[in-house]
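Hi,

Here is the structure I promised to pass on.

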Amino acid sequence: MGDHFEKGQHALLNEGEENEMEIFGYRTQGCRKTLCLAGSIFSFGILPLVFYWRPAWHVWANCVPCSLQEADVVLLRTTDEFQTYSWKKVMWIYLSSLNREFGVTPDHTLITDEEYIINRAIRKPDLKVRCIKVQKIRYVWNNLEGQFQKIGCLEDWLSSTKIHLKFGSGLTREEQEIRRLICGPNTIDVEITPIWKLLIKEVLNPFYIFQLFSVCLWFSEDYKEYAFAIIIMSIMSIALTVYDLREQSVKLHHLVASHNSITVSVCGRKAGVQELESRFLVPGDLLVLTGNKVQMPCDAILIDGSCVVDEGMLTGESIPVTKTPLPKTESSEPWKTQSEADYKWHVLFCGTEIIQARGASSGTVRAVVLRTGFNTAKGDLVRSILYPKPMNFRLYRDAIRFLLCLVGTAAIGMIYTLCVYVLSGDPPEEVVKKALDVITIAVPPALPAALTTGIIYAQRRLKKRGIFCISPQRINVCGQLNLVCFDKTGTLTREGLDLWGVVPCDRSGFQEIHSFASGRSLPWGPLCAAMATCHSLILLDGTIQGDPLDLKMFEATTWEMALSGDDFHIKGVPAHAMVVKPCKTASQVPVEGIAILHQFPFSSALQRMTVIAQEMGGDRLAFMKGAPERVASFCQPETVPTSFVSELQSYTTQGFRVIALAYKKLEMDHHSTALTRDKVESDLIFLGLLILENRLKDETKPVLEELISARIRTVMVTGDNLQTAITVARKSGMVSESQKVILIEANETTGSPSASITWKLVEEKKHIGYSNQDNYINIREEVSDNGREGSYHFALSGKSFQVISQHFSSLLPKILINGTIFARMSPGQKSSLVEEFQKLDYFVGMCGDGANDCGALKMAHVGISLSEQEASVASPFTSKTPNIECVPHLIKEGRAALVTSFCMFKYMALYSMIQYVGVLLLYWETNSLSNYQFLFQDLAITTLIGITMNLNGAYPKLVPFRPAGRLISPPLLLSVIFNILLSLAMHIVGFILVQRQPWYSMEMHSVCTLQNESISKLIISPTAPEKIGSNGAFISFENTTIWFLGTINCIIVALIFSKGKPFRQPIYTNYIFVLVLVIQLSVCLFILFADIPELYRRLDLLCTPILWRVYIIIMLSSNFIVSLVVEEAIIENRALWMTFKRCFGYQSKSQYRIWQRALANDPSWPLLNQTSYSDMPGCGRGVSYSNPVFESNEEHL
């Protein structure tokens, strides 16, 4: 189908989102449908099967294109690289029932008000709505705008005023019913897929259809034994897959089942507060939240009161988060963008648990339902599991090409067979059977089962190491990883923080550090008050809970926390407010306690939090805590010490986590909730710095050293301070001592569309003024001519990354080639960074603790979560051990699994080609192998090898190069082609030589000693050979020779192709496989040399002279030696291939390699101590610097 569509036939669904799709309109045509039905009957069900595999063909065959407005079928195509098609029927929702019950007519005000999508979707006067359901989400046809739009959530354009006004007092019953019908139930319903459905889906896989065809053919030829063996293997494979899918389905069902049966209180506009089952909720409903420990059944905007929520399900961190009500502003801007703060602080997400609900002045906590069902945060998480992002891995594309090559080979064999047998005058049905046989020989039906076993074994080995995998196919992708991004806090460093000390300051500058290790309590003052109040801690069942950093800070004050009682009366202070009090032993504290009135919560985007507090009998104060640079920007400049930058650097360069504190006095005449954040966060007085220690995990440094020595790039992506990140990178070995760090700062110019980018060389120096081990970051002013020597790493913040992406896009790839430290990165920026690395053709791994890495874990080729929270279910891999040791294990297993897959492909190709060559040679004489001969090769040799060949474990050392990532790489192709030609030559030599032997007589078919009378019974007249099976085989010397050569060759090939080092354990460690090969070879040699007539008769073999048997062994030995020498000296010789590449000037086509090569010799790169502007001509057209630590001589084979 071309890209020319009639008007209105084509549109985009979910534009700009992760699940963006193209949508095409079609109308079913009766005559086409009838023709397709007839085709289905006459093709015996093959046509529907083709339509099942190719949904687009089904639509193109049954329907004609039309506008989306008239369509009764829509064709959907994903806009990613896979262009996956699916189709959906357009359904109708009828509102006529509401007319009878509520008297809702087409001219009812609820219907005529076209401000909302719901009303625009209702077709008048017949009151019906067109809709489609795609990946669990319902879309309705917007009659006004002429497009399908998502339903089940409030409109994004609504302002906060509109939300308070329209939904602040609830919906009427009529509005609820209309929305209920159109939006559907508020359920995240994951039905347990029936076993019969899973079975049908699995059985209709093209490979199993091919197996069915093969089995039917074999039964018709009386080749029952192998047919049964394939049936048993297929049944086991299908059963295992269905069991796994069923288990996942049940697990997911139980995960979401509790969500659908929650009772909630809903406030109606006329009906008042009513109890309701959560599945009846609709967007716009007003929830009244009471009590604690409540599961949220939907996403809702908090409009009154405040809540403390456990968002562990979404973020992976079970830290209580405080949610504040949506302020009622006069702005007409959309509610999400009207304030600087992150809108998520006003949203209660589905699946999270409300630990505490605190009412404000009205006494109730109220929230407006924002999204329902699968539109919610939890629904989105479940959908990401149900519809995972497809994986683009070249191995699977190459596998299809490989199979097509085998099919092409089979086609040539079929033509040859038809010619031979038609000329020999065989009956037509026999000729057809023979021709079809060639397909089952050339394309091995056991291939999928053999490939799956390698993945299953790798998955089991990973499970033993505590690494769990929900997407087994990704194990192979792990073998190609060449860049791994790590979160810092909780991943590279320990989870908890130790409070090291506090640096107070006054007008004269910073004072002496107050160390908490000494056991001295902090003297009373604004700094102590800030530490006691500026946090998001809560009191739950008598214990203080919250962020570990807040907890450490509060514990250091030795104050106590309590809730104010009903008798607590201070102007503007609500009852049951949080109150902090000095402990009884504390002396010289002039205040009884401090009440926390209001919080502006911490957000990683704002990098700060603020509280409004009231001293009992004293002043009303505002306290701020956050990133030092941000806090200082809100303070009166004269209160910030002049040595602020150097003091901050002196601690961050030692790897300390530094938090700044500030405060100011507020007027008492305002209610605390009436104050806006902007008013509170201005003209503050700087108080000092809080120094916290965040130690590296013991495993971090050795693991990073192992990865870097294996030439796998390591990148840090953190939400923490840039200087701290640089120090952690140095301490962990991510940046070695000899390497320089270049700091990149990019800023948008105020009031101008241009932006600037500055490059500064960071130099680490010892600073005498501090203790011996103190050092700090110094920006070097002059750079000598030899500044380019050594290697560089770029360090930048999330803000700079954003500016570079928007204004300096041409510089971005050059920066990423050497970008190692990315700090102050928001969750969205982490995902963008992973995507940008993927665009450079890196295979990207992401390792995080799940806290804010969910997007990046899903985006990466391989996501490894160190958290067992629900949020980590979106990650393909989860590690039980909460450190990064799992990363090298996963890469080793991935490399081993990838090499195993290649070995298996090569072996199966050789096995099918050996059999194919042998059979075609015998067809020349209208002969074939007998069923028992086939059975011995297929079952006793290949099946056993297929099961045991994959048992080799991963090699314990990571080597500095990756295995080939493609089946069509030159060494692999050469190996397969050479061995096929070698086998072909051996078979032809054997076939011709046997006919030239002096004992090869037309009168005798056994040349063993005739003393044994039973052998003499084997003498058959050659002129009328006796057929020994329905497949037309008869005993002959050619048949015997070809069978022995082929069978033993299969064992030889298995031994040669079973690779050990450097990616898998040596072959001798796979005891079972070695034992199988020894037994198989012994049995074959026994059959060859043992003159047992009954055995020969069973296997349809003829006795040959001892000398000829020795010739067979010589031919096989020659084959083995030549094959082994070529495999070891040429195929597996990396140095030789590297020499070939250099001689022929071959260079890797990966984007990152192209950038490295193109920009390595540019004297102007990297830029140092200069500032560029985005509106400068030619800005950003520089060249990239190549980093030797990541450079590898190997250009992947």
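**What turned up**

The chain exposes about 51,400 Å², and carbon and sulfur atoms supply 58% of that (areas come from the Shrake-Rupley method with a 1.4 Å probe, and for residues only the protein chains shown count as cover). Before you read on: this is a predicted model, so local features need pLDDT of at least 70 and side-chain atom pairs count only at pLDDT 80 or more, while totals for chains, interfaces and linings use all residues. Residues are numbered from 1 along each chain as its sequence is written, and side-chain values use heavy atoms, with hydrogens and water left out.

On the overall build, the chain has 38 helices and 43 strands (DSSP runs numbered from the N terminus, with helices being H or I of at least four residues and strands E of at least two). Of its 1197 residues, 54% count as buried (under 20% relative accessible area; exposed is over 50% and partly exposed in between, with a 1.4 Å probe and protein chains only). Among contacts with a separation of 6 or more, 73% come from residues 24 or more positions apart (a contact being heavy atoms within 4.5 Å).

Now the rings. There are 23 aromatic pairs in the structure (Phe, Tyr and Trp rings, the six-membered one for Trp, with centres within 6.5 Å; planes under 30 degrees apart are stacked, over 60 edge-to-face, the rest tilted). One of them is Trp141 with Phe148, edge-to-face at 5.0 Å centre to centre and 70° between the planes, and both residues are buried. Another edge-to-face pair is Tyr421 with Tyr923, at 5.2 Å and 85°. Tyr421 is in helix H14 (residues 394-423) and Tyr923 in helix H29 (residues 886-923), so this pair ties together parts 502 residues apart in sequence. Tyr421 is buried at 1% relative accessible area, and Tyr923 is buried at 1% as well. Elsewhere, ring pairs link Phe801, Phe822, Phe837, Tyr842 and Tyr1152 into a cluster.

Trp141 has a charge over its ring too: the charged end of Arg130 sits 5.3 Å from the ring centre (NZ of Lys or CZ of Arg within 6 Å of the centre and within 35 degrees of the ring normal). Lys128 does this over Trp92, at 4.3 Å.

As for salt bridges, the whole structure holds 22 (a side-chain nitrogen of Lys or Arg within 4 Å of a carboxyl oxygen of Asp or Glu). Glu706 and Lys892 meet in one at 3.1 Å, N to O. Glu706 lies in helix H23 (residues 700-709) and Lys892 in H29, so the bridge ties together parts 186 residues apart in sequence. Glu706 is partly exposed at 25%, whereas Lys892 is buried at 11%. Lys1059 and Glu1132 form another, at 3.6 Å, N to O. Salt bridges with shared partners join Lys906, Lys1059, Glu1127 and Glu1132 into one network.

Last, the surface. Leu1081, Leu1085, Phe1089, Ile1106, Leu1107, Val1110, Tyr1111 and Ile1114 form a nonpolar patch with about 650 Å² of accessible area together (patch residues have over 30% relative accessible area and no salt bridge; like charges are joined within 9 Å, and nonpolar side chains, meaning Val, Leu, Ile, Met, Phe, Trp and Tyr, within 5 Å). H36 (1106-1131) and H34 (1071-1089) each supply at least two of its residues, with the largest share, five residues, coming from H36.

Cheers
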